[in-house]
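I opened the model to go through its helices, its domains and the contact between its chains. My entries follow the order in which I looked things up.

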Number of protein chains: 2
Amino acid sequence: MERTEIESLGEFGLIQHLTQNNETRQASTMLSVGDDAAVIDHFGKQTVITTDMLIEGIHFDLMYTPLKHLGYKAVAVNVSDLCAMMATPSHITMSVAFSNRFSVEALDEFYEGVYAACDKYNVDLVGGDTCTSPKGFIISVTAVGEVTNSHYVTRDKAQVNDLICATGDLGAAYIGLQLLEREKRIFLENPKIQPDLQQKEHVIGKILKPEARVDVVEWLQENKIVPTSMMDISDGLSSDILHICRQSNVGCVIYDEKLPIHNQTKEMAMEFGLSGTSCALNGGEDYELLFTIPQSDYEKIVLSEKISVIGYITKPEDGTNLITQQGNKHKLVAQGWQAF
Amino acid sequence: MERTEIESLGEFGLIQHLTQNNETRQASTMLSVGDDAAVIDHFGKQTVITTDMLIEGIHFDLMYTPLKHLGYKAVAVNVSDLCAMMATPSHITMSVAFSNRFSVEALDEFYEGVYAACDKYNVDLVGGDTCTSPKGFIISVTAVGEVTNSHYVTRDKAQVNDLICATGDLGAAYIGLQLLEREKRIFLENPKIQPDLQQKEHVIGKILKPEARVDVVEWLQENKIVPTSMMDISDGLSSDILHICRQSNVGCVIYDEKLPIHNQTKEMAMEFGLSGTSCALNGGEDYELLFTIPQSDYEKIVLSEKISVIGYITKPEDGTNLITQQGNKHKLVAQGWQAF
């Protein structure tokens, strides 16, 4: 019998392969697999739905991830996908599986984080499933949000000359993870050495307790800015902008010097012998928003300190490029996180 | 630090514990944790949402579960929860995690079952997540359905003197599982012996490829029968009727002789030294519907061969009882499946 290794397809190739025969039967399905979330037309208005799975040993390491933060993050990353559609989050369901090494107190701590995130994002936890796991902790969250009048934003409508924007700062979560991994190695070698995480709150916070940019979505709505395309940055800017370019059939130019990188990220990157740019491009897990707007919205967008204009959309034949601080042009490639 | 073992609470105790501080913020939340599914009021009509997780080694054994059947079942058990609310299924999301022992061909087989179920139940697969798992195969499905005019059925409105009804036949999935487990043991001891599953299609089918009773929901709707309470039988009739009794604050009488048990189930139960009644009461995984109707609907309900009247609802102080074929009264207890 034939055996094709999953690695040979890659994550996106695998999804493509598995969904190539996916049929749409319901007239209410406005948007299916292939964006940050799906859109269902419920009785003339729209619900937006997304789901994410987090698995111990793959997505998190409980040696340095407090359970409360993990609970918060499990909600936040799903809310982030709703934000990426310009939807208003409303409900979540959460399934968890855990082995008997977890106590009720441990689960309480996890749910404390879940409820804190529900409170922060104004969502109701309305269902779920709890089961035993033969190994490790497994979390699956589905988040539901709302949009009216089909005002959701997909990845496939970026236009030539649109400005490319990113929220917050990039690369910090990646550096935070490197830092936690380093401290873990040091601790395992010599448990007497206490971790040195002073003045590293920003990068640690970005990996352990990311926030969904509901604030930016609200700001865009208040200022009547409708992005032409949007997604959240989870695999790394480089990989994610390529999704927008491919799905919109356009090219792009990103300016290295415009990338929003926090000072802590730059300093720590140096310590690790990495460039801040590389962390920002390929790091992933930022949960910031990446979107495109018409040039006519430039005057409005510069008023927000939360948003950086990092480049612009080009014709598809111009390719996808990074302009370095020295003015050199490099082809952008997806070096982001690969699950397989 | 205090450590409370999860076993000490039991599954329902744990859910109760973890959700005791769950707040409702959204006016649209009509029904939250505690029923087969949640109900969200979306713009004046209602969406119903439910989620379930299936884990290799806990919920299924790939040694005797064909991946195609597993894919089908993962969808069917979620659709069953929607049926238990009298909702019409419309959409699902599906997250899967798998280790590198799975090939693309294996996943294809799994998804063949998923798509077959989507076709059967007329639902769209609109999203999901794929990731690596350090061990085994993990599936998480969320299903969305619709009801109009708040015509969903919960577990908490059974009335004294209501008739208790069950669909299909009970206990078959449990016997099917015993049979597969026996054949597995025999095979492990002597791989040359071929499994003898002739004329056991019914019990094997019920465990490997259960169907959600969409047909019964449609029949009830066509015949304008509105159950006062309903749930699906997943943990075993005995455990599940106790949910209805507790949540409706009523008692019940179930007649042993009225329990719908397939001949194959009876015969195989005997072979295993079990009573068919015990399988029907405590087996679980039936995915049949359990519901209560006013006595005035009796004339209508007897017209359906798919539905059996198995008892009636009593005052709470009368307790929850089984009347044996000899006329003796036994207290019903939840011996159903316990995840912990």
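Which residues of helix H8 (residues 263-271) of chain B are buried? Before answering I noted the ground rules. The model is predicted, so I followed its limits: local features need pLDDT of at least 70, side-chain atom pairs count only at pLDDT 80 or more, and totals for chains, interfaces and linings use all residues. Residues are numbered from 1 along each chain as its sequence is written, and chains are lettered from A and ligands numbered from 1 in the order in which they are written.

**Entry 1: helix H8 of chain B**

I found Gln264(B), Thr265(B), Met268(B) and Ala269(B) buried in H8(B). Buried means 20 or more other C-beta atoms within 10 Å of the residue's own, exposed means 12 or fewer, and partly exposed is in between, with C-beta atoms placed from the backbone. Helices (H or I, at least four residues) and strands (E, at least two) are DSSP runs numbered from the N terminus. Looking down the axis of H8(B), I see its buried residues within an arc of 130°, so they line one face of the helix. The arc is that of the directions from the helix axis to the C-beta atoms. On the face turned away from the buried side, I noted the exposed residues Asn263(B) and Met270(B). The buried residues pack against helix H4 (172-189), helix H5 (201-208) and helix H9 (276-282) of chain B. For this and later contacts, two residues count if their C-beta atoms, placed from the backbone, lie within 7 Å. Just after H8(B), Gly273(B) has a positive phi of about 70°.

**Entry 2: helix H6 of chain B**

I then checked helix H6 (residues 214-222) of chain B, where Val216(B), Val217(B) and Leu220(B) are buried. Down the axis of H6(B) these fall within an arc of 100°, so they line one face of the helix. Their packing partners are helix H2 (67-83), strand S7 (163-167), strand S10 (288-293) and strand S11 (307-314) of chain B. Just after H6(B), I recorded a positive phi of about 55° at Lys224(B).

In the loop between H5 and H6 of chain B I looked up Glu211(B). Glu211(B) is buried, with 20 other C-beta atoms within 10 Å.

Tyr287(B) has phi near 55°, a positive value in a residue other than glycine. It sits in the loop between H9 and S10 of chain B, and its 24 C-beta neighbours inside 10 Å make it buried. Asn161(A) also has a positive phi, near 80°. I placed Asn161(A) in the loop between strand S6 (138-147) and strand S7 (163-167) of chain A. With 13 C-beta neighbours inside 10 Å, Asn161(A) counts as partly exposed.

**Entry 3: the domains of chain A**

How is chain A divided? I have domain 1 (29-147) and domain 2 (163-331), with bounds from an automatic or database domain assignment. Their centres, taken over C-alpha atoms, are separated by 23 Å. I noted 16 residues of domain 1 of chain A in contact with 15 residues of domain 2 of chain A. On the domain 1 side, helix H2 (residues 67-83) of chain A gives the most, nine residues.

His69(A) lies in this helix H2 of chain A. It is buried, with 23 other C-beta atoms within 10 Å. Leaving out residues up to four places away in sequence, I found His69(A) touching Gly113(A), Leu208(A) and Lys209(A). The C-alpha atoms of His69(A) and Leu208(A) are 6.0 Å apart, although 139 residues separate the two along the chain.

**Entry 4: the two chains**

I superposed chain B on chain A with a rotation of 180° and 0.0 Å of shift along its axis, at RMSD 0.0 Å. The copies are thus related as by a two-fold rotation axis.

The contact takes 68 residues from chain B and 68 residues from chain A. On the chain B side, S5(B) has the largest share, nine residues.

Key. Least-squares fit on C-alpha atoms with pLDDT ≥ 70 in both.
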